[in-house]
Amino acid sequence: MSLFDDDLVENNEVFYKMLKEQEFMASCLSAGAIVVECDDPKAFISRLEEMVSPKTLIIGTDVEAEMLRKQQGRPIVKWDARTFKRYDAKGSMHVLSKRSDKPIVIIENITDIPEKTSDIYDDPVEIENTLLHSWKNDILRFNSERFGSFQLNRMDYTVIFPVPKGSLGNLRYRLDDGIGSIIEE
């Protein structure tokens, strides 16, 4: 047995761990919307931001690695659903529809939208429907007295909802509307 055998085994394990992580992130970055259940949503978001950085080396030569390379350099927009006031949900979607760079959108705290306590806030059901459930359609159509009529094409965007494991029961509606959900390992 060589002095380097342990190093080779350890390097091999690190390589396969990196490859598995990149495959997982590639699956999260497909077009449309996906809910990712994870132990620590903030850590997941940090890893995702690192993965789409052009500075990150993508290993592998398979389809997932190539897809991940194509995501590198895309801008990331983060929204916190807990902080949305009246008109913010539709207003954010309106602003998104005007962007030509088609960013990756990370919507945090979709399972923690506060109850409507005054006219300052929209109904949490409306916020959830606008931010989450509207992505089940190929074309998202909105009509708003404030923003007029506008639409988004689901395939132009990657929308990720990182949620803590076990929190999907807090949603007002179930996810059986065609939005994917994956659990981080």
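Five helices and seven strands make up the secondary structure of this chain, which you are viewing as a predicted model. Start at the N terminus and follow the elements along: they run α-β-α-α-β-α-β-α-β-β-β-β. The C-alpha atoms fill a box of roughly 75 × 35 × 25 Å along the principal axes.

Now look at how the chain folds back on itself. Take the contacts between residues at least 6 apart in sequence: 75% of them join residues at least 24 apart. Of the 185 residues, 43% count as buried. The accessible surface comes to about 10,400 Å², and carbon and sulfur atoms account for 50% of that area. As for charge, there are 24 positive and 33 negative side chains, and the centres of these two sets lie 8 Å apart.

You will find Arg-74 in the loop that links α3 (63-71) to β2 (76-80). Arg-74 is buried, yet it has no salt bridge. A salt bridge would need a carboxyl oxygen of Asp or Glu within 4 Å of a side-chain nitrogen of Lys or Arg, and the nearest side chain of opposite charge to Arg-74, that of Asp-101, is 8.0 Å away.

Setting aside neighbours within four places in sequence, Arg-74 is in contact with two stretches of the chain you can pick out by number: Lys-102, Pro-103 and Ile-104, together with Asp-156, Tyr-157 and Thr-158.

Definitions and conventions: Residues numbered from 1 in each chain as written. Predicted model: local features only at pLDDT ≥ 70, side-chain atom pairs only at ≥ 80, totals over all residues. Heavy atoms only, no water. Helix = DSSP H or I, 4+ residues; strand = E, 2+ residues; numbered from the N terminus. Buried < 20%, exposed > 50% of the residue type's maximum accessible area, 1.4 Å probe, protein only. Lys, Arg positive; Asp, Glu negative; His and termini not counted. Contact = heavy atoms within 4.5 Å. Areas by Shrake-Rupley, 256 points an atom, 1.4 Å probe, with all protein chains shown as cover. Charge placed at Lys NZ, Arg CZ, Asp CG, Glu CD.
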